[in-house]
Amino acid sequence: MNIASAKNSAPGPGRTSHRRWPANAVRALPFCYAAIVIVLVWQIVVDITKPDPSILPPPIDVAWTFGHLAGDGELAVHAGYSVARVITAWLLSGIIAIPLGLLMGSSQHFERIVNPFVELLRPISPLAWIPMAILWFGIGESGKVFVVFIGTFFPILLSTVAGAKGVDPVLLHAGQVFGCTNRLTLFRRVVVPAALPSIVVGLRVAFGTGWAAIIAAELVAAHSGLGYLIANGMDILRADQVLVGMIAIGVLGFLFDTFFRYLQAHYGRTAR
Amino acid sequence: MNAPLTTGKPLCISGLTKTYETRTGESMEALGPISVDVAAGEFLVVVGPSGCGKSTLLQILAGFLKPTDGTVSVNGEIITGPSIDRSMIFQSYALFPWLSVLDNVRFGLRRKTIPREQQRSIALQYLRLVGLQDFADKNIDELSGGMKQRVAIARAFAVNPSILLMDEPFGALDALTRRFLQRELLRIWQEQQRTVVFITHSVNEAIFLADRILVMSSRPGRIRAEWRLDSPRPRDLNSDQHRRLEAEIFSLLDEEVTKTFSWAT
């Protein structure tokens, strides 16, 4: 009896003080820890091997350059270009791939017509399209948007098709029995909402591949963007600038993915 | 007894057969011929060994499958496809996980031309009927299996169908929940006076629920025997009368199952 009541009362105050920590801060802890370890190892490597700063600068130099590039707004401008290109291409992909995927997933006939094209084009990496993009579009915005479009299109298409095809047949039956007697209503009221979680996954994955593709495209042909920033750093032997670009790419990619995970957890939770 | 009011047959199955083409091109008789008339307000339970085509029968009644021969008519009209006039309760609940409990019940009402305000009040009324009025705004994944099936019952009754089709609706539930929901279903059915076609492989369930029990033969599924039950509900399954009936039905079913196995070998 005493033990039980002691047990019951003890965690009370302890738990409330623990709850003072915002859940997000607690979730961020492992990542902070990983970041600290990476910086420590980096510092140790620099201390031991004493490389030329143009090969591997110490973390503090990079932090300094980061502060400088962030301070005069250059970093934000480059990041802004990259993000804008990805979002444009990603939205474009979504607008085309989601309806196409829903149609492919719900009509076998249509899928049989379209699928061979998809399967032939899909293995060609978006990076392999970069030279053609430059030939066709020059080094303007459209070429880069095109490359990211290729990179984001297939992940969205494939998971949309999978979502539409994977709708539980019993839900289709339920839809029909409860009044969706024509295909269009059934499609709108059952197929689309049932496929939605899968579409959200596709959008998230595609944003990741798009983010990788834009950096590659900017490395080759651009005067702006984070890819350009690191390519330029390499040209002028500024490893610190390259590393600042890499850090920005990593952090932004991570933040976007976190954002999508959040969306998925709150709005895509309908997958049974 | 429970058959009231209308004179016409709400459900008339005549000469129904279903033949499947196998992959090798042979035709396989799955069902029938079956002819049954169901009276208004009747609770008809179909029992049969697994693979006897009782699910095929229900799929045809729902309009998902076309019969090879014969017709099904509801209130005198031959059915051609699924209709909200024949609503259904599925073994796997088949609730829409992207909709709230209330919106699941409202789903069918939205397809009918009922004003929005009224949809809501009807849905709430049926949720109250199954005792889930406090769960209206919950998500489907927050509910237990028994609660999900109660939502499905509310959804099926709410659209005011001529016939309710139930495909082993309690087959996925634990024994206690099953007993509870059988009682609930009877209460709701008695209150709502609906015609029900209920498929099960549980003889006890059939005896507990039915006005009439049809026992199906093994493939091709035909009606092997028929019993009318008029003992008052709730029924005591341990009474002599029900025990005897149970034994009779089981001996028939045993025969049929044996046939299936002797075919297979």
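Chain A is made up of 12 helices and 0 strands, where helices (H or I, at least four residues) and strands (E, at least two) are DSSP runs numbered from the N terminus. Along the sequence the pattern of chain A therefore reads α-α-α-α-α-α-α-α-α-α-α-α. The model is predicted: local features need pLDDT of at least 70, side-chain atom pairs count only at pLDDT 80 or more, and totals for chains, interfaces and linings use all residues. Residues are numbered from 1 along each chain as its sequence is written, while chains are lettered from A and ligands numbered from 1 in the order in which they are written.

The overall form of chain A comes next. The radius of gyration of chain A is 24 Å, whereas a compact globule of 272 residues would have a value near 19 Å; the radius is taken over C-alpha atoms, and the globule rule is 2.2 Å times the number of residues to the power 0.38. The C-alpha atoms of chain A fill a box of roughly 80 × 70 × 30 Å along the principal axes. Of the 272 residues in chain A, 35% are buried. A residue counts as buried if 20 or more other C-beta atoms lie within 10 Å of its own, as exposed if 12 or fewer do, and as partly exposed in between, with C-beta atoms placed from the backbone. Among contacts in chain A between residues at least 6 apart in sequence, 73% join residues at least 24 apart; a contact requires that the C-beta atoms of two residues, placed from the backbone, lie within 7 Å.

One helix of chain A deserves attention. Helix α10 of chain A spans residues 183–220 and has 38 residues, but its end C-alpha atoms are only 47 Å apart, short of the 56 Å that a straight helix would reach at 1.5 Å a residue. The expected span is 1.5 Å times one less than the number of residues in the helix. In α10(A), a kink of about 45° lies at A:Leu196, shortly before the proline A:Pro197; the bend at a residue is the angle between axes fitted to the seven residues ending there and the seven starting there. A:Leu196 is partly exposed, because 18 other C-beta atoms lie within 10 Å. A:Leu196 and A:Ser159 are 37 residues apart in sequence, and their C-alpha atoms are 9.8 Å apart in space.

Chain B has another make-up, with 7 helices and 10 strands. The radius of gyration of chain B is 19 Å, close to the 18 Å that the globule rule gives for 265 residues, so chain B is as compact as a globular protein of that length. The C-alpha atoms of chain B fill a box of roughly 55 × 45 × 40 Å along the principal axes. Buried residues make up 43% of the 265 residues in chain B. Of the contacts in chain B with a separation of 6 or more, 72% are between residues 24 or more positions apart.

The contact between the chains takes 21 residues from chain B and 14 residues from chain A. On the side of chain B that touches chain A, β6 and α2 of chain B each supply at least two residues. The largest share of that side, 3 residues, comes from α2(B). The residues of that side divide into 12 nonpolar, 5 polar and 4 charged. Here Ala, Val, Leu, Ile, Met, Phe, Trp, Tyr, Cys and Pro count as nonpolar, Asp, Glu, Lys and Arg as charged, and the others, Gly among them, as polar.

The largest nonpolar core has 134 residues, of which A:Val148, B:Leu44, B:Val45, B:Ala154 and B:Val197 touch the most other members. α10(A) gives the most to this core, with 17 residues. A nonpolar core is a set of buried Ala, Val, Leu, Ile, Met, Phe, Trp, Tyr and Cys residues joined through C-beta atoms within 7 Å. Not counting residues up to four places away in sequence, B:Val45 touches B:Phe198, B:Thr200, B:Ala206, B:Leu209, B:Ala210 and B:Ile213.

Some backbone details remain. Most residues other than glycine have a negative phi, and most peptide bonds are trans. The peptide bond from B:Arg219 to B:Pro220 is cis, with omega near -5°, and B:Pro220 is in the loop between β9 (212–216) and β10 (223–228) of chain B. Phi of B:Ala94 is near 55°, a positive value; B:Ala94 is buried, because 23 other C-beta atoms lie within 10 Å.
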